[in-house]
Amino acid sequence: MKKTYYTIVYIVLSLTALVMASGAPVAFGGSGTGG
Amino acid sequence: MILLVAVIFSIAIALIRGGSFNNLGQVKFRYGWLAILAFALQAVIIWAPLESGNGLTHPRTLLLLGSYGILVAVVLLNRKLAGIIIIGLGLLLNLTVMVANDGFMPVDSSVLRTAGLEELALSDETGSRLTSTKDILLPREQTNLWVLSDIFVIPANWPLSTIFSIGDVFLAIGVFVFLQRYLSKSPAMQNSEQTSPVDPDFEE
């Protein structure tokens, strides 16, 4: 159960990092990383 | 940040459709830590301000493009997963226009004004960096592969006003496809309904 929880967090973080690092939108509200 | 909104929106839609995070735990996502590393590398590069793009051979530009190389590797290692090829296409479209314009994403000042984000530009000069972004200020007539640059605008008087590229649209579609596929019913449930072989994307 604990392993599954970490796997889910790992996949969500990896996917979010992949998409945000691949993108290049200008941040809204004058803040953020531009991802 | 608009892409983070796309991720959250995709998760919400999948959960409303009856999906569960438990199904995601069975997906074989390889070398995801490399994507996290690339993101961290970009955060350092982006938050360290520069007056201009400084050209393709500048160490910071090379590091930014190198982080995209890492991301290409992650896409190739996970290419069989649903939506990853679409994400890879978006990545390549953004990378192509950045390489064609000295390593940063070009944006025209008029587009920036429409989104109400002109205060992000460090100066009005051509090639000026935009604070905390991968963008540089470049007039449309001086932009190579203009159609792939940040040309789409959510206007200033709308929520989440921003500027984004066609590559970003592919990224949003890709993450939506991925999350709808892998947050939805588990392979066991799908097999009981369809009596099809076990999905190779999932761990048994």
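Which residues have the most contacts inside the largest nonpolar core? They are Leu18(A), Val19(A), Leu71(B) and Val175(B), and the core has 57 residues. A nonpolar core here is a set of buried Ala, Val, Leu, Ile, Met, Phe, Trp, Tyr and Cys residues joined through C-beta atoms within 7 Å. A residue is buried if 20 or more other C-beta atoms lie within 10 Å of its own, exposed if 12 or fewer, and partly exposed in between, with C-beta atoms placed from the backbone.

This is a predicted model, in which local features need pLDDT of at least 70 and side-chain atom pairs count only at pLDDT 80 or more, while totals for chains, interfaces and linings use all residues. Residues are numbered from 1 along each chain as its sequence is written, and chains are lettered from A and ligands numbered from 1 in the order in which they are written.

**Colour by confidence.** The model scores ipTM 0.85 and pTM 0.87. pLDDT is the predictor's confidence in each residue, from 0 to 100. Chain B has a mean pLDDT of 87, with 87% of its residues at 70 or more. For chain A the mean is 78, and 71% of its residues reach 70 or more. Select residues 28-34 of chain A: pLDDT stays under 50 there, and the model has 25 contacts beyond four places in sequence for this stretch.

**Select chain B.** Chain B holds 8 helices and 4 strands, in the order α-α-α-α-α-β-α-β-β-β-α-α from the N terminus. Helices (H or I, at least four residues) and strands (E, at least two) are DSSP runs, numbered from the N terminus. Of the 204 residues in chain B, 40% are buried.

**Select both chains.** Between the chains, 27 residues of chain A are in contact with 49 residues of chain B. Contact means that the C-beta atoms of two residues, placed from the backbone, lie within 7 Å. On the side of chain A that touches chain B there are 15 nonpolar, 12 polar and no charged residues. Ala, Val, Leu, Ile, Met, Phe, Trp, Tyr, Cys and Pro count as nonpolar, Asp, Glu, Lys and Arg as charged, and the others, Gly among them, as polar.

**Select α1(A) and α5(B).** Helix α1 (residues 2-22) of chain A and helix α5 (residues 84-99) of chain B have axes that come within 9 Å and cross at roughly 30 degrees. Axes are lines fitted to C-alpha atoms, for helices over the stretch in contact, and angles run from 0 to 180 degrees between N-to-C directions. Leu18(A), Val19(A) and Ser22(A) meet Ile87(B), Gly90(B), Leu91(B) and Asn94(B).

**Select Gly90(B).** Gly90(B), in helix α5 of chain B, is buried because 27 other C-beta atoms lie within 10 Å. Beyond four places in sequence, Gly90(B) touches Ser22(A), Gly167(B), Asp168(B), Phe170(B), Leu171(B) and Gly174(B).

**Select Leu71(B).** Not counting residues up to four places away in sequence, Leu71(B) touches Leu18(A), Ala21(A) and Ser22(A) in chain A, and Ala35(B), Ala38(B) and Leu91(B) in chain B.

**Select Thr143(B).** Thr143(B) is in the loop between β2 (135-137) and β3 (152-154) of chain B. Is Thr143(B) buried or exposed? Thr143(B) counts as buried because it has 20 C-beta neighbours inside 10 Å. Beyond four places in sequence, Thr143(B) touches Asn101(B), Pro106(B), Leu138(B) and Ser149(B).
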